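Biologist: Hi, I'm new to this one. Could you walk me through it?
Modeller: Happy to, here it is.

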Amino acid sequence: MKKVNNIAVLTSGGDAPGMNAAVRAVVRTGNYHGLNVYGVMYGYRGMLTGDIFPMESKSVANIIQRGGTILKTARCKEFYEAEGRKKAYQNLKKFGIDGLVVIGGDGSFKGAQKFSQEFDIPCIGLPGTIDKDIAGTDFTIGFDTAVNTAVEAIDKIRDTADAHDRLFIIEVMGRDAGYIALHSGIATGAEHILIPERKTDIDDVIDQLLANERRSKMVNLIVVAEGDEFGGANEVARHVKERMPQLDTRVCILGHIQRGGSPTCIDRLIASRMGYAAVDALIEGNNNVMIGIVNNKIQFTPLDKAVKAKQKIDAEWFKIVKILAS
């Protein structure tokens with residue numbers, strides 16, 4: 001088993017609340033075990049440019065409560081190419097780095113998997129994405145905060161919907177996954193939840209809205225994931241207005257407020273546990289895995305499986321939505 005002495009941590013892809021808590025855990029756990037810990041700015045791009053610096057305990061003071069990421073994040077097309085990855089490897093070797101912790105989503109893990117296959121630097125992935133679309137973990141860093149942000153906003157929208165007897169169609173983030181829509185929709189009592197994982201029957205949506213109108217249920221909420229097959233909230237609203245022009249319909253797109261804000265207690269806890277476990281994994285030689293939490297226990301998933309598998313939504317959730325909205 002190859003002993004690690006110098007490890008680096010980076011955040012990649014879309015930002016997620018709790019990334020800073022994960023960085024903090026990696027740095028302080030590494031320092032505790034006598035490792036030299038380096039931060040890489042702007043994700044994989046920083047590996048190519050050599051934007052790498054040493055981190056100590058004080059480097060991560062007062063960040064656990066902050067959203068975003070102090071290490072910044074960016075897309076890096078050059079890292080997709082073999083020449084770019086070779087350049088990144090050479091920069092890491094200049095610092096003697098022999099272990100890498102990547103905090104990000106599916107695309108970030110694909111990069112880490114490819115990098116670890118080509119070079120002798122073991123990689124550990126931490127699932128940092130608000131979408132919760134990675135298999136091998138019950139929660140991803142940032143998901144709980146994003147959902148709570150959406151719930152708070154939708155609760156406020158319901159107040160004005162009730163005051164005016166309106167239908168509100170609310171779009172939340174989720175290009176390829178509907179977990180934010182599903183969780184926030186159930187938590188706020190939405191009548192319909194439209195997500196990419198399930199085919200949308202617009203006729204059924206219209207029929208139920210007409211039935212609600214007949215029984216004088218004038219306040220309706222539809223929560224739509226941005227990746228829904230109809231093209232998001234505006235397109236759903238267009239169909240509704242064509243069929244029910246008498247209905248006072250409004251659209252609200254929550255957008256990037258779901259990415260920001262102070263992470264919830266849950267996100268701080270799972271980020272801290274995962275960051276701690278990532279360093280332990282590197283020390284123990286449990287390399288090229290993603291750290292997950294399943295049934296409240298740390299679980300390791302090989303990176304190649306983590307990038308191929310997607311979190312699946314249980315059909316029972318849809319039954320719950322239908323019954324509770326009736």
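Modeller: Let's start with a strand pair: strand E5 (residues 123–127) and strand E10 (residues 289–294) run parallel and are joined by two bridges. Strands (E, at least two residues) and helices (H or I, at least four) are DSSP runs numbered from the N terminus, and two strands pair if DSSP finds at least two bridges between them.
Biologist: Which residue in E10 is the bridge partner of Ile124?
Modeller: Val289. Before we go on, this is a predicted model: local features need pLDDT of at least 70, and side-chain atom pairs count only at pLDDT 80 or more, while totals for chains, interfaces and linings use all residues. Residues are numbered from 1 along each chain as its sequence is written, and side-chain values use heavy atoms, leaving out hydrogens and water.
Biologist: Which helix packs on the sheet there?
Modeller: Helix H9 (residues 265–284), which touches strand E1 (6–11), strand E4 (99–104), E5, E10 and E11. The direction of H9 makes about 140° with that of E10. Such angles run from 0 to 180 degrees between N-to-C directions, with axes fitted to C-alpha atoms, for helices over the stretch in contact.
Biologist: And what is the strand order of that open sheet?
Modeller: E3-E2-E1-E4-E5-E10-E11, seven strands with mixed pairing. E3 and strand E11 (297–302) stand at the edges, each with a single partner strand, so one side of each has no neighbour in the sheet.
Biologist: New topic: how many residues of strand E8 are buried?
Modeller: Six of the six in E8 (residues 220–225). Buried means under 20% relative accessible area, exposed over 50%, and partly exposed in between (1.4 Å probe, protein chains only). Asn220, Ile222 and Val224 point one way, and Leu221, Val223 and Ala225 the other.
Biologist: What pairs with E8?
Modeller: Strand E6 (residues 167–172) runs parallel to E8 through six bridges, with Ile169 partnering Ile222. E7 is also parallel to E8, with three bridges, and Ile193 stands opposite Val223.
Biologist: Where does Thr69 sit?
Modeller: In the loop between strand E3 (52–55) and helix H3 (82–94). Thr69 counts as buried because its relative accessible area is 13%.
Biologist: What does the side chain of Thr69 reach?
Modeller: A polar contact of 2.9 Å joins it to the side chain of Thr11, and the backbone nitrogen of Leu71 lies at 3.1 Å. A polar contact is a pair of N or O atoms within 3.5 Å; within protein, one must be able to donate a hydrogen and the other to accept it, and residues adjacent in sequence count only if both atoms are side-chain atoms.
Biologist: Which residues is Thr69 in contact with, leaving aside neighbours within four places in sequence?
Modeller: Thr11, Met19 and Asn20, where contact means heavy atoms within 4.5 Å.
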